[in-house]
Amino acid sequence: MDGFIDRFAQRKNAQDIIRANAEAEAQENARLHGELAGYENAIVEIQKSNQLNIENAEKVREVLEEGLKKIAEVQKIETPDQSEELMKICEELKAELSEKLGTNFEDRLSAQKEEISKLMKDSEDFVHKENVKVYRNVQAVIQEELPKQTEEIKSAVQESVDSVHTSGALLPLVILALLASLGSIALQVLQILHII
C-alpha cells in the first residue's frame, strides 16, 4: 500500500511539473509572439527605408545626368574663366542633390546597417538564451526523475527476487524442466548415432 501511495505522490509531483512547464511555455510563447511582432515591424521599416533608398538612387542618377550635361556645356564654352564656371556648376549640383535627397544618404545607409546588425545580434542572443533554458529544464527533470525511477526499479527487482525465494512451487518446476531438456538431448544423441 505504501508503494502505491509513493507512486501516486510521484505521479502527482510529475503532473505538477508538467503543468508548470506548460504554463511557462504558454507565457514564453506569448512573449515570443510579441517579440516576433516587433521584429516584423522592424523589417517593414527596413523595407520602407530600402524603397526610399532606391528612389533616392534614382534621383541621384537624374542629378548626375544633369550634371554631366552641364559639364559638357562648360567644355563647349571657351572662356578664360572656365574653372570658375565649373566650380559654380559643381556647387549647383551639390545643392540640387542635397535638396532632392533631403538628408545625407550615407548616414541613412549606415544607420540601416547598424539596425540590421543589432537585430541579428538580438536574435542570436535570444536563441542562445532559449537553448540554455531548454537544456536546464531537461537537466532538472532528469535529475529529479532519475532517483525516483532508480528506486522504482530497485523495488521491482527486489519484489521479483522475494517472490522467487518465497515461492516453493518454482523449484520443482525448474527441476522438471531440466530433466525434460536432458531427456530430449539424450534422445537426439541416440538418433544421431542411429541407435534409435
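**Entry 1. Terms and model**

I take a residue as buried under 20% relative accessible area, as exposed over 50%, and as partly exposed in between. I note that the structure is a predicted model. I looked up the confidence of the chain and found an average pLDDT of 77, with 76% of the residues scoring at least 70.

**Entry 2. Arg-31 and its partners**

I searched the whole structure for salt bridges and recorded nine. I began with Arg-31, whose side chain meets that of Glu-28 in a salt bridge at 2.2 Å, N to O. Both residues belong to helix α1, where three residues, about one turn of the helix, separate them. How accessible is Arg-31? I find a relative accessibility of 33%, so Arg-31 counts as partly exposed, since the value falls between the limits of 20% and 50%. Glu-28 has a relative accessible area of 16% and is therefore buried, as this is under 20%.

I next recorded a salt bridge between the side chains of Arg-31 and Glu-130, at 3.2 Å, N to O. This pair links distant parts of the chain, for Glu-130 lies in helix α3 and Arg-31 in helix α1, 99 residues apart. Glu-130 is buried, because its relative accessible area is 16%.

I asked which residues are linked in a network of salt bridges. The network consists of Glu-28, Arg-31, Glu-35, Glu-130 and Lys-133.

**Entry 3. A pair within helix α3**

I looked up the salt bridge in which the side chains of Asp-122 and Lys-118 meet, at 3.4 Å, N to O. The two residues lie in helix α3, four residues apart, which is about one turn of the helix. Is Lys-118 buried or exposed? I record Lys-118 as exposed, because its relative accessible area of 53% is over 50%. Asp-122, with a relative accessible area of 29%, is partly exposed.

**Entry 4. The largest pocket**

I turned to the pockets and noted a volume of about 290 Å³ for the largest pocket. Helices α1 (2-76) and α3 (105-166) are the elements that give two or more residues to its lining. Which element gives the largest share of the lining? I find that α1 does, with six residues. By class, the lining of the largest pocket divides into four nonpolar, three polar and four charged residues.

**Entry 5. His-194**

I looked at the segment after α4, where His-194 is found. The phi of His-194 is near 60°, a positive value in a residue other than glycine. I count His-194 as exposed, because its relative accessible area is 70%, which is over 50%.

Technical notes: Residues numbered from 1 in each chain as written. Predicted model: local features only at pLDDT ≥ 70, side-chain atom pairs only at ≥ 80, totals over all residues. Heavy atoms only, no water. 1 Å grid on protein atoms, 1.4 Å probe; cavity = no way out; pocket = protein on both sides within 12 Å on 5 of 7 lines; lining within 4 Å. Points joined across faces, edges and corners; volume = space filled by probe spheres on them. Nonpolar A, V, L, I, M, F, W, Y, C, P; charged D, E, K, R; others polar. Salt bridge = Lys/Arg side-chain N within 4 Å of Asp/Glu carboxyl O. Buried < 20%, exposed > 50% of the residue type's maximum accessible area, 1.4 Å probe, protein only. pLDDT = per-residue confidence, 0-100.
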